[in-house]
Amino acid sequence: MDIDEQVAALDGERVDHRFKGLPPDAEGLTVGELAAQRRDLFGGGFTTPLLVLSEEALEHNLAALEEYTARYGLAFAPHGKTSMAPQLFARQLARGAWGITLAVPHQVRVARAFGVPRIFLANQLVDAAALRWVGAELDADPDFTFVAYVDSLRAVELMDAELRAAGVRRRLDVVVELGAGQGARTGVRTDREAQAVAAAVSAAGALRLVGVAGYEGEVPAADPERVRDYLNRLVALAAALDRAGHFADAEEIIVSAGGSAWFDAVADVLADVPELSRPVLRLLRSGAYVTHDDDHYRRITPFNRVPADGDLQPAFRLWAQVVSRPAPDQAFLNAGKRDAPYDLGLPAPRTVRSARDGSTRAAPEGLEVVKLSDQHAWLRVPPGDGLEVGDWVALGVSHPCTTFDKWVLIPVARADGTVTSYVRTYF
């Protein structure tokens, strides 16, 4: 089955205790049956805390990067580790994505189980069991495209030896990863190291060199000049490896970069990749765009620098209830570290919904989350505010990647509160 058929089959899963926040009276219904009921977010039996995706914001963000990558001539492999949601993978592919980027073998297995045809692994693959599995997938499906990083002679040795021992027939495509600088994360540090790794790949019978890649988000003390310098190094490395004949067996040469903070620089620099011996695939890998957020990515998105290129909207709201008002300046919500991200900033109140009459108001200035416990958010309440036990508070969150991983089945709702579908995650 293709990815659309596999995703459609998710509607057959039964609703039960595994899925926090869903209505207790939906026990035993299939996800599809529950979605067809079009329940109201507030009157439909949902319990708090409850993470909700905005249907309108999701659609807006998916369209924004589809249009952006088309405008700048970029292929797009959005990073799937952000959501690990095959339904969103399918929507990204339907909007023209070349494939899906992933980070570890488990994520690759999930994507393949749902029929993703092209996978870019932004990491080295040196796990023997995972190499054997990927090799078997390549041999079983001639239409499956898989590309992985390589940044050391030892990695080349391990990969080649394991694939040969397993009798894998198709060669595994790799790209040399260029590190973003001394003290940065992974990747070769010098052009000389890159040439040595490329030569080792060329000599390895089980591997094929098809390009270069890197992550500009790891550039130390990143600013526009330093980021562009790094990306120019990446482009120069592709040209140097091509002149040395290391891409002789490639059908196209991949030049890949791009997180969610500097994709404007990636678009600018990759537009100037010189003519090489093979067609060039300029591959962007941004992932957090799909839901954006209310703090970290809101502040660093390239659309702040170039508003004419588009914009993104925060798609998450975490609804929690006031469970205690022990002091005039203090309240507690029933959502904490198990429900909300906190690695790139605390959640922020956005909307208050009265438990008395269902009316809503914007969160007042001074209503602030100051701390998270495992299952509580500590609220500072401004003087005289009428926040009551039982009221619902919508929290904006920071960092999509550590939001998705706390929720297994996430309602998707329209602006009027109608729940239209559910997104399943696989972490």
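**Close-up 1. Helices α3 and α4, packed side by side.** In this predicted model, helix α3 (residues 55-71) and helix α4 (residues 86-94) pack at an angle of about 45 degrees, and their axes are 10 Å apart. Axes here are lines fitted to C-alpha atoms, for helices over the stretch in contact, and angles run from 0 to 180 degrees between N-to-C directions. Helices and strands are DSSP runs (helices H or I, at least four residues; strands E, at least two), numbered from the N terminus. Angles under 35 degrees count as roughly parallel, over 145 as roughly antiparallel, 65 to 115 as roughly perpendicular and the rest as oblique, so α3 and α4 are oblique to each other. On the α3 side, look for Leu 58, Glu 59 and Leu 62, which meet Leu 88, Arg 91 and Gln 92 of α4. That contact has three nonpolar residues, one polar and two charged. For these classes, Ala, Val, Leu, Ile, Met, Phe, Trp, Tyr, Cys and Pro count as nonpolar, Asp, Glu, Lys and Arg as charged, and the others, Gly among them, as polar.

A quick note for every view: residues are numbered from 1 along each chain as its sequence is written, and side-chain values use heavy atoms, with hydrogens and water left out. Since the model is predicted, local features need pLDDT of at least 70 and side-chain atom pairs count only at pLDDT 80 or more, while totals for chains, interfaces and linings use all residues.

Close-up 2. Buried means under 20% relative accessible area, exposed over 50%, and partly exposed in between (1.4 Å probe, protein chains only). The buried ones are Pro 86, Gln 87, Leu 88, Phe 89, Ala 90, Gln 92 and Leu 93. Their cover includes α1 (3-8), α3, β3 (100-102), α5, α12 (401-404) and β18 (419-424). Just after α4 comes Gly 96, with a positive phi of about 95 degrees. The C-alpha atoms of Gly 96 and Ala 70 are 8.8 Å apart, though 26 residues separate them along the chain. Ala 70 belongs to helix α3 and is exposed, at a relative accessible area of 61%.

**Close-up 3. Helices α5 and α6, another packed pair.** The axes of helix α5 (residues 105-113) and helix α6 (residues 128-140) come within 11 Å and cross at roughly 25 degrees. That makes α5 and α6 roughly parallel to each other, and their crossing is left-handed. Pro 105, Val 108, Arg 109 and Arg 112 of α5 meet Ala 130, Trp 133 and Glu 137 of α6. Sorted by class, this contact has four nonpolar, no polar and three charged residues.

**Close-up 4. Inside the largest nonpolar core.** A nonpolar core is a set of buried Ala, Val, Leu, Ile, Met, Phe, Trp, Tyr and Cys residues joined through side-chain atoms within 4.5 Å. The largest one holds 128 residues, and Phe 120, Phe 146 and Leu 172 touch the most other members. Helix α9 (residues 224-243) gives the most to this core, with nine residues. Beyond its neighbours within four places in sequence, Leu 172 has contacts (heavy atoms within 4.5 Å) that include Leu 131, Val 134, Phe 146 and Leu 207. Another core lies apart, with 18 residues, among them Ala 26, Leu 34, Ala 35 and Leu 409.

Close-up 5. Asp 309 is in the loop between α11 (296-300) and β10 (316-327) and counts as buried, at 12% relative accessibility. Neighbours within four places in sequence aside, Asp 309 is in contact with Tyr 68, Arg 71, Tyr 72 and Phe 303. Val 168 sits in the loop between α7 (153-165) and β6 (172-177) and is also buried, at 17%.

Close-up 6. Thr 48 and Pro 49 are joined by a cis peptide bond, with omega about 0 degrees. Pro 49 lies in the loop between α2 (31-36) and β1 (50-54), and Arg 38 lies in the loop between α2 and β1 too. Arg 38 has a positive phi of about 50 degrees although it is not a glycine.

Key. Left-handed = near helix turned anticlockwise from the far one by under 90°.
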